[in-house]
Amino acid sequence: MKIQYLAALLASSALTVGAMALPSAVSSVFAAPCAGAAEAVNPCASANPCASANPCASANPCASANPCASANPCASANPCASANPCASANPCASANPCASANPCAGADVVRATEPPHPAVYTESASNLAIRGADPVAYFTEGAAVAGNAAYQYTWNGATWQFSSAENRALFAANPVAYAPQYGGYCAKAMSEGNLASVDPRVWTIVDGKLYLNYSADVQQQWVQDIPGNIAKGDANWPDVLTVKTFYENTVAWAQ
């Protein structure tokens with residue numbers, strides 16, 4: 001991990017962190033909503049309004065490439081710029097998906113859901129809390145461990161999955177001790193009064209409580225002021241559930 005801990009942050013707190021490799025440059029993922037769309041999709045996909053009329057179709061970098069790739073069709077060097085009869089209607093013209101403030105940047109897919117939201121975040125694809133990760137394993141194994149469908153437990157309106165019958169029993173006996181804070185929504189987003197999904201591999205235990213983050217780079221922001229971010233998150237929870245849009249990205253983590 002590339003996170004460098006500042007001792008002054010948690011001089012009196014017990015801290016355990018799990019994360020993927022972190023980038024050195026971090027921008028705020030929640031600086032802008034995904035343009036308010038219910039689904040943020042690649043504007044250069046098959047629905048491109050320039051597709052049929054573009055004389056540069058075969059050379060158009062929008063044809064099959066990700067607009068965030070090196071040949072960004074939104075760049076000034078777009079080889080089709082001058083000849084494109086759809087210039088004014090170019091989906092890349094005014095809404096560059098590569099913009100630094102775009103919360104969809106780096107995400108496979110981002111879904112936007114309007115309030116109200118459940119008290120526990122459950123992944124839309126699996127309907128499981130923590131995207132199927134075993135909440136007890138963070139404490140007993142110090143790692144994000146995928147649960148097993150054979151060991152499930154329903155609590156607080158959500159289905160939780162465990163890697164063993166023992167872990168399920170521990171959770172059932174005291175769910176509050178093992179469940180992540182803020183219903184499993186991103187702790188950094190919560191500190192900003194926002195709602196976002198999490199990557200089970202990006203976690204922190206502070207004073208015996210589990211906190212999850214949207215991504216590794218978001219976690220890097222969160223750990224810069226853990227006490228302050230927790231205080232802000234506590235103040236925002238759970239009111240944000242009734243007033244804020246929720247953003248969920250696609251994370252394939254338990255391979």
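"Buried" here is under 20% relative accessible area, "exposed" is over 50%, and "partly exposed" is in between, using a 1.4 Å probe and protein chains only.

Some ground rules before going on. This is a predicted model, so local features need pLDDT of at least 70 and side-chain atom pairs count only at pLDDT 80 or more, while totals for chains, interfaces and linings use all residues. Residues are numbered from 1 along each chain as its sequence is written, and side-chain values use heavy atoms, with hydrogens and water left out. Helices (H or I, at least four residues) and strands (E, at least two) are DSSP runs, numbered from the N terminus.

S3 runs antiparallel to strand S9 (residues 246-249), and 4 bridges join them; two strands count as paired if DSSP finds at least two bridges between them. Across from Ala112 you'll find Tyr247 in S9.

| Pair | N to O distance |
|---|---|
| Glu123 and Arg131 | 3.0 Å |
| Arg131 and Glu248 | 4.0 Å |
| Glu192 and Lys188 | 3.4 Å |

Glu192 is partly exposed at 30% relative accessibility, whereas Lys188 is buried at 11%. Salt bridges with shared partners link Arg111, Glu123, Arg131 and Glu248 into one network. Arg131 sits in the loop between S3 and helix H1 (137-140) and Glu248 sits in S9, so their pair ties together parts that are 117 residues apart in sequence.

Strands S4 (residues 148-155) and S5 (residues 158-162) pair in the antiparallel sense over 5 bridges. The hairpin has 2 residues between the strands, and Asn156 takes a positive phi near 55° there. S5 is mostly covered, with 4 of its 5 residues buried.

In S5, Trp160 is the bridge partner of Tyr153. Trp160 also turns up, with Tyr138 and Trp222, as one of the residues with the most contacts inside the largest nonpolar core, which has 42 residues. A nonpolar core is a set of buried Ala, Val, Leu, Ile, Met, Phe, Trp, Tyr and Cys residues joined through side-chain atoms within 4.5 Å. Leaving out residues up to four places away in sequence, Trp160 touches several residues, including Val120, Ile130, Tyr151, Trp155, Phe171 and Pro180; contact means heavy atoms within 4.5 Å.

**Aromatic pairs**

What makes an aromatic pair here? Rings of Phe, Tyr and Trp (its six-membered ring) pair if their centres lie within 6.5 Å; planes under 30 degrees apart count as stacked, over 60 as edge-to-face and the rest as tilted. That rule gives 14 aromatic pairs. One of them is Trp155 with Phe171, an edge-to-face pair at 5.8 Å centre to centre and 85° between the planes. Trp155 lies in S4 and Phe171 in helix H2 (residues 165-173), so the pair ties together parts that are 16 residues apart in sequence. Trp155 is partly exposed at 23%, but Phe171 is buried at 0%.

Tyr185 and Phe246 are edge-to-face too, with ring centres 5.5 Å apart and planes at 85°. Tyr185 lies in the loop between helix H3 (175-178) and helix H4 (187-191), and Phe246 is in S9, so this pair ties together parts 61 residues apart in sequence. Tyr185 is buried at 1%, as is Phe246 at 8%. Both belong to one aromatic cluster that also includes Tyr121, Tyr182, Tyr211, Trp222 and Trp237.

**Two polar spots**

Thr204, in strand S7 (residues 203-206), is buried at 0% relative accessibility. The side chains of Thr204 and Gln219 make a polar contact of 3.3 Å. A polar contact is a pair of N or O atoms within 3.5 Å; within protein, one must be able to donate a hydrogen and the other to accept it, and residues adjacent in sequence count only if both atoms are side-chain atoms.

At the start of helix H6 (residues 226-236), a side-chain oxygen of Asp225 reaches to within 3.0 Å of the backbone nitrogen of Gly228. Gly228 is among the buried residues of H6, along with Ile226, Asn229, Ile230 and Gly233.

Definitions and conventions. Salt bridge = Lys/Arg side-chain N within 4 Å of Asp/Glu carboxyl O.
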